[in-house]
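Welcome! Please take a look at the structure below, and then read on for a short tour of its open spaces and a few spots on its surface.

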Amino acid sequence: MTVEIEYQGASAAAIRSHYDVSNDFYKLWLDKERVYSCALWDGDPALSLDDAQMRKLDYMVDGANAAGARRVLDIGCGWGALLTRLVTVHGVESAVGLTLSDEQAAHVQGLGDPRVTPVVQNWADHEPEQPYDAIISIGAFEHFADFGLRRAGRVEAYRRFFRSCRDWLPPGGRLALQTNVKGNNAAMSRQTVRDLLFIADRVFPESELPWLSEVLEASERAFDVVSVRNDPDMYARTCRQWHDNLAACRDEATELVGEQVVGDYLRYLAASVDAFTRRHLGLARIIFERA
Ligand SMILES: C[S@@+](CC[C@H](N)C(=O)[O-])C[C@H]1O[C@@H](n2cnc3c(N)ncnc32)[C@H](O)[C@@H]1O
């Protein structure tokens with residue numbers, strides 16, 4: 001017997017408190033396509049952040065076997081960089097993006113590409129009329145389990161996500177997932193503990209990161225794992241560049257969102273550089289294939 005559980009991740013209000021701060025604010029310090037997740041410098045450490053973000057998107061598209069597909073779903077589509085790349089570079093006919101942020105969806109709609117459809121909807125409420133050929137989710141899984149859930153609760157919450165993705169794919173269909181995970185260096189300084197609590201309270205409320213083993217356990221009976229990689233140094237590098245970009249336009253950013261928000265973001269980005277470098281956090285990129 002299958003027991004259905006309710007969605008147990010961050011609420012729409014909690015997600016909007018972060019992503020609806022201001023589109024122009026994020027434009028100041030992210031890359032030019034506004035990709036808000038770890039980039040990929042594989043094989044070429046000299047790449048610019050702009051290029052390393054596109055390389056990451058292409059890695060995920062390849063992993064999901066999404067090139068040339070008819071319909072692709074992007075769960076947590078941000079400002080639409082992947083959706084646009086799918087239809088303009090990878091020959092995808094139609095790309096659907098889910099986000100909980102009204103501002104992000106308005107931005108994607110404003111791009112005006114009829115092949116791209118942004119939807120303001122929780123993945124847990126998504127009921128596609130037709131299956132997708134491939135699914136990609138980058139930097140959203142971090143929000144799928146509420147802060148304070150125990151391991152069993154998190155695994156159940158993630159299991160529901162994997163079951164839904166499985167139902168939306170044909171046999172052999174692929175899901176490419178990128179998510180922050182907890183790292184295995186448990187020896188934290190008092191400052192790291194304070195910073196991580198600050199991030200949980202003020203920056204990403206109602207969200208808690210998974211252990212890699214929880215992600216894999218939750219995928220059992222829905223997906224086989226094709227590949228797993230962990231790139232914490234690449235996320236340290238990404239966050240360092242975001243931090244330095246924001247610090248360089250502090251006055252302009254302060255005019256847009258105020259001193260408090262800018263100060264909070266600088267602290268969260270600096271703390272993230274430190275946490276990835278010290279392996280308190282990891283960055284998992286996992287390719288799954290429908291069992
Ligand atoms: C860190 S951003 C990543 C955006 C994009 N994938 C990228 O790499 O630039 C996280 C995204 O996940 C979305 N999100 C978070 N929880 C979600 C949920 N339960 N259902 C749908 N989207 C969600 C947010 O609205 C946001 O668009």
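## The largest pocket

The lining of the largest pocket is made up of 20 nonpolar, nine polar and three charged residues. Here Ala, Val, Leu, Ile, Met, Phe, Trp, Tyr, Cys and Pro count as nonpolar, Asp, Glu, Lys and Arg as charged, and the others, Gly among them, as polar. This is a predicted model, in which local features need pLDDT of at least 70 and side-chain atom pairs count only at pLDDT 80 or more, while totals for chains, interfaces and linings use all residues. Residues are numbered from 1 along each chain as its sequence is written, and side-chain values use heavy atoms, with hydrogens and water left out.

The pocket holds about 750 Å³ of space, and 32 residues line it, with Asn 180, Leu 196, Ile 199, Leu 209 and Leu 281 lying nearest its centre. Two or more lining residues come from each of strand S5 (174-182), helix H7 (190-203), helix H9 (232-248) and helix H11 (259-277). H7 gives the largest share, five residues. (Helices, H or I with at least four residues, and strands, E with at least two, are DSSP runs numbered from the N terminus.)

## How the spaces are found

On a 1 Å grid over the protein atoms alone, a cavity is a set of points where a 1.4 Å probe fits but cannot get out, and a pocket is an open set with protein on both sides within 12 Å along at least five of seven lines; lining residues have an atom within 4 Å of a point. Points are joined across faces, edges and corners, and a volume is the space filled by probe spheres set on them.

## The cavity

How many cavities of 30 Å³ or more are there? The count comes to one. The largest cavity has a volume of about 440 Å³, and among its 29 lining residues Gly 76, Cys 77, Gly 78, Ile 138 and Ala 140 lie nearest the centre. Helix H1 (12-19), strand S1 (71-75), helix H4 (81-88) and strand S2 (94-99) each give two or more residues to this lining. By class, the cavity lining has 17 nonpolar, 10 polar and two charged residues.

## Two loop residues

Most residues other than glycine have a negative phi. Glu 206, in the loop between H7 and helix H8 (212-219), has a positive phi of about 65°. Arg 221, in the loop between H8 and strand S6 (223-230), also has a positive phi, of about 70°.
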